[in-house]
Amino acid sequence: MHWHQKNIDRVVEELESTPQGISSEAALHRLEKFGPNALQEKKKKTAFRIFLDQFMDFMILILMAAAVISGFIGELTDTIAILVIVLLNAVIGFVQEYRAEKAIAALQKMAAPSATVLRDGLPETVSATEIVPGDVVLLEAGMIVPADMRIMESALLKVEEAALTGESIPIDKHALALHDPLLATGDRKNMAYKGTFVTYGRGAGIVVATGMETELGRIAAMLQEEKEVKTPLQKRLAVFGRRLALIVLVICAIVFGAGYLRGEPPFIMLLTAISLAVAAIPEALPAVITIALALGAKKLVKQNALIRKLPAVETLGSVTYICSDKTGTLTLNKMTVSEIYVDSQRVTAADLDEDTLRTDVSSAPHLQCSPSCELLRALALSNDAQRGTHDLVLGDPTEIALFNIARDHGFHKEALEAHFPRVAEIPFDSERKCMTTFHRLPPSAESREAFVSYTKGAMDVLIPLSDTILTSDGLRTLDAEELLSTNEKMAADGLRVLCIAMKRWDCLPEDLSPETAERGLTVLGLTGMMDPPREEAKEAVALCKTAGIIPVMITGDHPLTATTIARELGIIEDGAEMTLTGRELDELSLEEFEEKVEHIRVYARVAPEQKLKIVKALQDRGQFVAMTGDGVNDAPALKRADIGIAMGITGTDVSKEAAHMILLDDNFATIVKTIREGRRIFENIRRFIKYIMTSNSGELWTIFLAPFFGLPIPLLPIHILWINLVTDGAPALALAAEPPEKGVMKRPPRHPREGIFAHGLGIHILWVGLLMGCVCLLAQAWAIRTEHVHWQTMVFTVLCLSQMGNLLAIRSERESLFTQGLLSNLPLLGAFLLTVALQVATVYVPFLNPIFKTEPLTLPELGLTLGLSSIVFFAVEMEKWIKRRRKVL
């Protein structure tokens with residue numbers, strides 16, 4: 001049996017304690033046995049080890065090898081550039097991983113520093129770390145609960161457990177046993193948990209678990225066990241790096257062998273092969289990706305999304321499922337009265353009969369008015385919410401909702417209290433489930449002094465206490481069945497129903513007990529409250545579905561409420577989509593759950609480990625999961641998810657430290673904006689890979705095929721390294737600024753297992769690179785045959801400018817450059833012009849000729865060079881035209 005199932009006498013007996021606590025001596029023995037009441041951490045990696053691990057990536061190892069080779073052949077500039085890039089990536093990776101280690105530290109901050117316990121029968125303040133099982137802890141408003149405990153005594157005790165359970169409203173605590181063994185943590189109202197906050201009342205509890213055995217400790221253990229999964233880009237680049245290294249080694253060996261067999265000087269061929277190896281490896285790739293992600297992260301901050309871990313920016317584009325909390329993310333996190341039952345009819349809050357509200361109710365000297373008027377007066381007066389500064393209403397969320405609807409219809413609490421002052425009250429308690437306030441009525445000619453009481457509470461409690469109901473025809477006998485039926489219908493619509501009743505008194509009763517005051521009541525009506533969905537969330541859900549992303553709601557709320565909100569938002573649309581409760585989830589084996597998980601759209605009443613189970617099950621089915629959360633209970637799932645998204649406004653430090661991204665406005669619509677940006681960034685990274693690998697492919701084909709056509713080696717090592725330097729730098733970076741293509745959110749997400757060369761990218765790299773190589777060899781063959789001595793300068797220039805033509809053409813997968821326009825990406829236009837100017841300078845600036853082994857071209861040679869360089873551009877434009885035609889047909 002769980003602690004919540006046992007009566008308090010049995011709990012005390014099993015813990016070998018007493019209602020007056022334990023002795024100081026027993027506390028010392030138990031401290032030795034159970035250890036301190038603190039969260040323990042696994043042995044951490046040292047900062048140096050974290051930094052060293054950044055160099056273990058396969059792509060980074062290849063780059064380091066390229067740096068060594070560049071140094072060996074005397075290209076120190078390349079060596080320094082590559083080492084700077086590698087170091088920059090290592091520093092960024094180190095900072096991110098080091099920050100991630102702080103999640104447990106944030107969890108520890110939630111622990112109470114001290115607590116008051118009963119030792120030797122007397123109250124004593126001790127450090128929270130010294131608390132042991134069996135200790136009796138005294139609780140009062142403002143305290144952090146120091147350990148998991150079974151409530152022994154409650155005097156209007158309320159505990160806010162939002163950080164642990166997700167339940168935003170403080171929970172009323174009591175000492176009675178609860179017999180259901182499968183109750184979720186948030187429903188165990190006779191328990192208080194470590195790290196939660198006492199908001200009201202006082203009480204006492206006996207400690208049943210400390211340290212890592214507490215609910216908070218279990219979450220800490222889950223956080224330590226869960227490893228972050230690699231992002232799609234990290235996985236793709238690891239595979240890409242291995243394959244590239246193998247291909248480059250094979251081609252370089254062939255080039256060296258072919259040149260050697262043709263009688264080329266071995267040293268020149270070795271330098272050429274090594275230069276080719278350096279050129280073929282895109283050393284700017286990690287830097288460009290990091291810069292693209294950083295620019296994306298900067299842009300996302302303006303859209304209220306703070307990126308904590310850079311790779312998350314790209315991962316957003318791969319998301320197939322968004323598992324979102326309901327409260328505050330999909331909804332406004334503001335309880336609102338949306339429906340009222342009054343005068344035997346259900347009306348929306350906006351449709352209350354305006355005719356009944358025409359009187360100046362705030363200064364009315366009499367009590368009699370319409371049922372709607374009387375109900376709204378009761379909502380305003382029997383209310384503990386207060387208006388603070390800047391028109392902010394302070395108080396319990398339910399009270400605020402009732403305060404607001406009354407005020408919105410002209411019933412201002414402050415003005416009404418001048419005429420109907422509160423003279424007594426019977427506070428709410430969790431056993432009665434209601435509260436009553438007494439108000440003096442304004443004097444009248446008939447009576448010198450009279451009073452009215454207003455009672456509000458749960459429907460099932462107030463019906464047995466009521467005899468009549470107020471209608472526009474006066475009082476009539478209460479029809480309990482009709483009222484219960486209305487209550488059931490409103491609850492089925494996901495509303496939280498509250499009953500409001502009143503009673504007239506000639507004088508204030510001497511015995512202000514519930515047994516006397518809460519009898520013979522007149523029902524005024526019912527209020528139906530809910531946390532309404534955000535308007536922008538509806539549009540965002542629709543956009544998700546258009547983009548092939550499945551939104552899923554996870555909440556601690558009642559299944560009916562959750563399902564209603566999900567229908568309003570469009571998360572649930574047909575009968576095939578399921579709602580699952582935490583209890584039903586517990587009853588399913590992992591295999592059974594994985595079979596159903598892709599059909600479930602709403603999860604209600606879930607526990608922390610169940611959120612983690614949901615994420616894992618979806619990942620096992622090959623999905624990429626974004627998970628939102630704000631509480632401590634969400635941290636393990638946030639860490640495990642492909643994208644963990646913490647709430648910036650309501651989120652705990654623990655959830656923020658575990659997450660990849662923080663929503664600064666707690667809005668679901670912002671997630672969808674970030675996905676759009678993630679898709680744009682990935683497309684731009686893919687364009688960069690396409691551009692750089694096509695350029696490298698062109699260089700490889702040019703040198704590789706020359707011997708087979710009986711041509712001399714067309715390029716010198718300095719030419720290869722120069723092209724590599726100028727074309728891999730600014731032009732590639734400028735691709736990161738490319739705006740999103742049309743319809744970026746109208747296509748499905750990339751398949752999680754999709755390779756980096758999918759959708760014809762690999763074929764494009766091969767055929768465009770081959771075309772580039774053939775054009776260069778054509779220029780070489782023609783120049784040699786016609787005895788043009790500048791043939792090597794022509795090949796050098798054709799290759800460089802062909803890559804610039806390719807740069808302009810690949811800005812879009814389908815759209816023509818002539819449609820896009822040159823001015824739609826100004827950084828890229830600038831990079832293009834700069835690269836062309838630098839290449840022209842190597843040919844026509846005299847002091848650069850001996851450095852680059854070039855000679856000025858004549859005007860006809862330059863014209864032929866420019867003409868041949870444009871072939872690649874027009875060929876890629878033709879490829880896009882064919883794609884557009886196929887789509888139309």
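Here are a few notes on one helix and on the cavities in this predicted model.

1. First, the ground rules. In this predicted model, local features need pLDDT of at least 70 and side-chain atom pairs count only at pLDDT 80 or more, while totals for chains, interfaces and linings use all residues. Residues are numbered from 1 along each chain as its sequence is written, and side-chain values use heavy atoms, with hydrogens and water left out.

2. Take a look at helix α18, residues 480-492. (Helices are DSSP runs of H or I, at least four residues, numbered from the N terminus.) From first C-alpha to last, α18 reaches 18 Å, close to the 18 Å expected at 1.5 Å a residue; that expected span is 1.5 Å times one less than the number of residues.

3. Which residues of α18 are buried? They are L483, T486, N487 and M490, where buried means under 20% relative accessible area and exposed over 50%, with a 1.4 Å probe and protein chains only. These four sit on the same side of α18 because they cover an arc of only 100° around the axis, taken from the directions from the helix axis to the C-beta atoms. On the other side, E481, E488 and K489 are exposed.

4. Now the ends. At the start of α18, a side-chain oxygen of D479 comes to within 3.2 Å of the backbone nitrogen of E481. After α18 comes G494, with a positive phi near 85°.

5. Finally, the lining of the largest cavity includes R680, E683 and P739. A cavity is a set of points on a 1 Å grid over the protein atoms alone where a 1.4 Å probe fits but cannot get out, and lining residues have an atom within 4 Å of a point.

Methods: Helix = DSSP H or I, 4+ residues; strand = E, 2+ residues; numbered from the N terminus. Polar contact = N/O pair within 3.5 Å; in protein donor to acceptor, adjacent residues only side chain to side chain. 1 Å grid on protein atoms, 1.4 Å probe; cavity = no way out; pocket = protein on both sides within 12 Å on 5 of 7 lines; lining within 4 Å.
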